[in-house]
Amino acid sequence: MSRKKSSGEVPPPPPASAATTPADAGGELFWESKVAESLGVARERIVALRGERLTEGAHFRIVRNAVVLTASGLEIIASALRPESLPSPTIASPAPPALGIQDGPAPRVMMVVRRVPPNIRILLCSPFNGKIERAVRVRDNRLFTPGMVLQVIDGGTNGLQFTGRLPRRKGRW
């Protein structure tokens with residue numbers, strides 16, 4: 001048995017700066033990562049907006065190494081992402097998109113396994129109607145067989161990647 005005694009101490013109350021505002025009286029908190037996923041934008045965009053427009057305590061809190069938005073913070077982020085709140089473009093030509101930041105979820109593509117090469121990290125797949133084989137990165141290809149259908153993520157420069165669950169048995173989901 002351990003010699004340490006478990007202390008029945010209660011964690012200290014949050015600091016006065018983290019007190020709820022009247023808009024947050026319901027105490028609803030929203031995980032920043034879940035908000036980004038539900039709004040269909042990249043989390044980096046939410047982080048940038050948080051740095052520009054929100055204040056810690058009133059609009060967001062850091063709980064166990066994660067950022068949690070309050071109801072007022074969520075409202076500010078949502079209003080900033082609405083098209084009518086964006087400034088009108090003054091430049092005639094559109095600006096090039098920022099590299100590495102993609103708004104919305106990654107596009108998913110349905111593919112059919114054509115061959116299982118010796119490299120256990122790769123599958124050779126093609127689209128349903130297509131004849132071109134493309135390499136798809138997987139965690140382990142030993143349970144895949146030709147003819148299986150996959151839903152893969154198009155990672156742009158990183159190629160295609162399968163992120164779902166692996167088959168339970170060879171050739172069976």
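# Notebook: a walk through one predicted chain

**Entry 1: the overall layout**

I began by listing the secondary structure, and the chain comes to 3 helices and 8 strands. I am working with a predicted model here, so I keep that in mind throughout. Reading from the N terminus, I wrote down the order of elements as β-α-α-β-β-α-β-β-β-β-β.

Next I looked up burial: of the 173 residues in the chain, 25% are buried. For the accessible surface I noted about 12800 Å², with 55% of that belonging to carbon and sulfur atoms. I also checked contacts between residues at least 6 apart in sequence, and 50% of these join residues at least 24 apart.

**Entry 2: the barrel**

Which strands form the closed barrel? I traced 5 strands, running E4-E5-E6-E8-E7, and their pairing is mixed. A reminder for myself: strands of a sheet pair through backbone hydrogen bonds, either parallel or antiparallel.

I then picked one pair to follow. Strand E5 (residues 122–127) pairs with strand E6 (residues 134–137) in the antiparallel sense, over 4 bridges. In this pair, I found Ile-122 standing opposite Arg-137 in E6.

**Entry 3: helix H3**

I turned to helix H3, which spans residues 71–81, and looked for its buried residues. They are Ser-72, Gly-73, Ile-77 and Ala-80. Looking down the axis of H3, I saw that these buried residues fall within an arc of 135°, so they line one face of the helix.

What do the buried residues of H3 pack against? I found three partners: helix H1 (32–39), helix H2 (43–53) and strand E3 (66–70).

**Entry 4: salt bridges**

Side chains of opposite charge can pair when their charged atoms come close. I went looking for such pairs, and the structure holds 4 salt bridges.

One of them joins the side chains of Arg-43 and Glu-32, at 3.0 Å from N to O. Arg-43 lies in helix H2 and Glu-32 in helix H1, so this pair ties together parts that are 11 residues apart in sequence.

Another salt bridge joins the side chains of Arg-115 and Glu-133, at 3.1 Å from N to O. Arg-115 sits in strand E4 and Glu-133 in the loop between E5 and E6, so the pair ties together parts that are 18 residues apart in sequence. Arg-115 counts as partly exposed because its relative accessibility is 46%. Glu-133 also counts as partly exposed, at 35%.

I also looked up the salt bridge between the side chains of Arg-142 and Asp-140, which is 2.9 Å from N to O. Why does Arg-142 count as exposed? Its relative accessibility is 54%, and the cut-off for exposed is over 50%.

**Entry 5: a nonpolar patch**

My last stop was the surface. Which residues make the nonpolar surface patch? I found Met-110, Phe-128 and Val-149, and together they make a patch of about 250 Å². Met-110 is found in strand E4, which covers residues 108–115. With a relative accessibility of 37%, Met-110 counts as partly exposed.

Terms used
Residues are numbered from 1 along each chain as its sequence is written. This is a predicted model: local features need pLDDT of at least 70, side-chain atom pairs count only at pLDDT 80 or more; totals for chains, interfaces and linings use all residues. Side-chain values use heavy atoms; hydrogens and water are left out. Patches are made of residues with over 30% relative accessible area and no salt bridge: like charges are joined within 9 Å, nonpolar side chains (Val, Leu, Ile, Met, Phe, Trp, Tyr) within 5 Å. Accessible areas come from the Shrake-Rupley method with a 1.4 Å probe; for residues, only the protein chains shown count as cover. Helices (H or I, at least four residues) and strands (E, at least two) are DSSP runs, numbered from the N terminus. Buried means under 20% relative accessible area, exposed over 50%, partly exposed in between (1.4 Å probe, protein chains only). The arc is that of the directions from the helix axis to the C-beta atoms. Contact means heavy atoms within 4.5 Å. Two strands pair if DSSP finds at least two bridges between them.
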